[in-house]
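Okay, everyone, thanks for coming.

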Amino acid sequence: MTDSDELDLNALGDAELVAQMHDDLYDGLKEEVEDGVNILLARGWQPYRVLTEALVEGMRIVGIDFRDGILFVPEVLLSAGAMKGGMVILRPLLAETGAPSVGKMVIGTVKGDIHDIGKNLVSMMMEGAGFEVIDIGINNPVENFLAALEEHKPDILGMSALLTTTMPYMKTVIETLQEKGLRDDYFVLVGGAPLSEEFSRAIGADAYCRDAAVTVETAKELMHRKHNQPSEVGS
Ligand code: B1M
C-alpha cells in the first residue's frame, strides 16, 4: 500500500491536491493522478488549468530530477504513463469546441526520438482550437513525413524533438521538402524543449513554438494570413 492509497484525495483543498498530484505523478501513480484530474474537474476547474497546473508542472519537476540523476528511465516512464492517464481524460474536453476545422496539421516526433508527451499535448490543444490533427507518432524518418503530407495535404507540418541529438533531423526534413519543391506548400512549425527561435530560423522553419498554447496562437495567425492573402489566380 502506498501513502497515496491512505489519502482521501477528495478531502484535500485544491492547492494540497495539486501538490499531491505532483507527488503522484513523480511516483508514477496513474490511478491517483486520474482521480486527481477527475476531482479537479468536478470542482469546476477548466481542463486547460488542470493540464498546465497539475500535469505539466508535475512533469517539469520530474524533468529536473531526471536531469540531475535522481530519477532514471524506468521511473520516468511510469511518470509519463501517469501523465498520459490524466491526458486521456482531458483530451475530449479540450477538443470539445464543435467548431469547423480551421486548418489541418500533420505532426510527428523526428527520427531517433521517442518523446511524445509534448507532441500529444500540442495535438490536443490544436484539436481543441478547431484544427484537424494527424499525429504520425514517434521516431519518424523523413519518408513518413513525406507520405503523411502527400496523403493528408495539411496546411501545417509540425515536428517535435526533445533531444539535442535529434533536433538536427528537422533540418533534414525541411531540406528534403526544399529539394522536392514542396517547402512552400506547408507552414513548418517546430517545437521541443532544447529548441530555440534561433535554431528554428537556422533550419528554415516558419516558427518555433515554445509550448502548446504558442503553437495554437502561431497556427491560427498563419492560417489567418493564408486566408487573407490576395488570390494569385487572375490577379
Ligand atoms: Co528523456 N530526456 N530521454 N525521456 N525526458 C529529456 C528530454 C532530457 C532533457 C532529460 C534531462 O536530462 N533533463 C534529456 C535530453 C538532454 C538533451 O538532449 N539535451 C533526455 C534524455 C537524455 C533521454 C534519454 C537519452 C535517456 C537515456 O536513455 N539515457 C532517452 C532518449 C530516448 C529517445 O528518445 N531516443 C530518454 C527517454 C525518456 C523516456 C522514454 C523515459 C521519457 C519519454 C516518455 C514519452 O515521451 N512517452 C522521457 C521523458 C519523460 C523526459 C522528460 C523528463 C520530460 C519530457 C516531457 O514529456 N516533458 C525530459 C526532461 C524535460 O524536458 N524537462 C527528458 C513534458 C512536455 C509537456 O514538455 O516535451 O517540452 P515538452 O513539450 C512542450 C514544448 O516543448 C512544446 O510544447 C509542449 C507542450 O507545451 N513542444 C512542441 C514539444 N513538441 C512540440 C512540437 C510542436 C510544437 C511545440 O510542433 C509544432
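I'll start with the sheet, go on to the helices, and finish with a few single residues.

Some housekeeping. This is a predicted model, so local features need pLDDT of at least 70 and side-chain atom pairs count only at pLDDT 80 or more, while totals for chains, interfaces and linings use all residues. Residues are numbered from 1 along each chain as its sequence is written, and side-chain values use heavy atoms, with hydrogens and water left out.

One more convention: helices (H or I, at least four residues) and strands (E, at least two) are DSSP runs, numbered from the N terminus.

What is the order of the strands? It goes E2-E1-E3-E4-E5, five strands in an open sheet with parallel pairing; two strands pair if DSSP finds at least two bridges between them. At the edges sit E2 (131-135) and E5 (207-209), each pairing on one side only. From one strand to the next, the twist averages 25°. About angles in general: axes are lines fitted to C-alpha atoms, for helices over the stretch in contact, and angles run from 0 to 180 degrees between N-to-C directions.

Now go along the pairs. E1 and E2 are parallel and share five bridges, and there Val106 has Ile134 of E2 as its bridge partner. E1, which covers residues 103-109, also pairs with E3 in the parallel sense, again over five bridges. Ser160 has Gly191 in E4 as its bridge partner.

Let's stay on E3 for a moment. How many of its residues are buried? Five of five, across residues 156-160, where buried means under 20% relative accessible area, exposed means over 50%, and partly exposed is in between, with a 1.4 Å probe and protein chains only. Both faces are covered: Ile156, Gly158 and Ser160 are buried on one side, Leu157 and Met159 on the other.

Next, what sits against the sheet. E3, helix H8 (residues 169-179) and E4 make a right-handed β-α-β unit. Right-handed here means that, with the strands pointing away from the viewer, the path from the first strand over the helix to the second runs clockwise. Then there's H10, residues 212-227, which lies across E1, E2, E3, E4 and E5 and runs at about 170° to E4.

Over to the helix pairs. H2 (residues 14-26) packs on H4 (residues 47-67) at about 45°, with 9 Å between the axes. H2 and H4 are therefore oblique to each other; the scheme is under 35 degrees roughly parallel, over 145 roughly antiparallel, 65 to 115 roughly perpendicular, and the rest oblique. Their crossing is right-handed, which is to say the near helix is turned clockwise from the far one by less than a right angle, with anticlockwise being left-handed. On the H2 side, the residues in contact (heavy atoms within 4.5 Å) are Val18, Met21, His22, Leu25 and Tyr26, and they meet H4 residues including Ala54, Leu55 and Met59.

H4 has another partner, H3 (residues 30-42), packed at about 140° with the axes 10 Å apart. That makes H3 oblique to H4 as well. The H3 side of this contact is Val33, Val37, Leu40 and Leu41, and the H4 side is Pro47, Val50, Ala54 and Leu55. H3 passes H4 in a right-handed crossing.

Last bit, single residues. Asn140 is in the loop between E2 and H7 (142-152). Is Asn140 buried or exposed? It counts as buried, because its relative accessibility is 1%. Leaving out residues up to four places away in sequence, Asn140 touches Gly108, Thr109, Val110, Lys111, Phe145 and Tyr169.

Asn139 lies in that E2 to H7 loop too, and at 38% relative accessibility Asn139 counts as partly exposed. Most residues other than glycine have a negative phi. For Asn139, phi is near 55°, a positive value. Lys153 has a positive phi as well, about 45°, and is not a glycine. You'll find Lys153 in the loop between H7 and E3, exposed at 55% relative accessible area.

That's my tour, so over to you.
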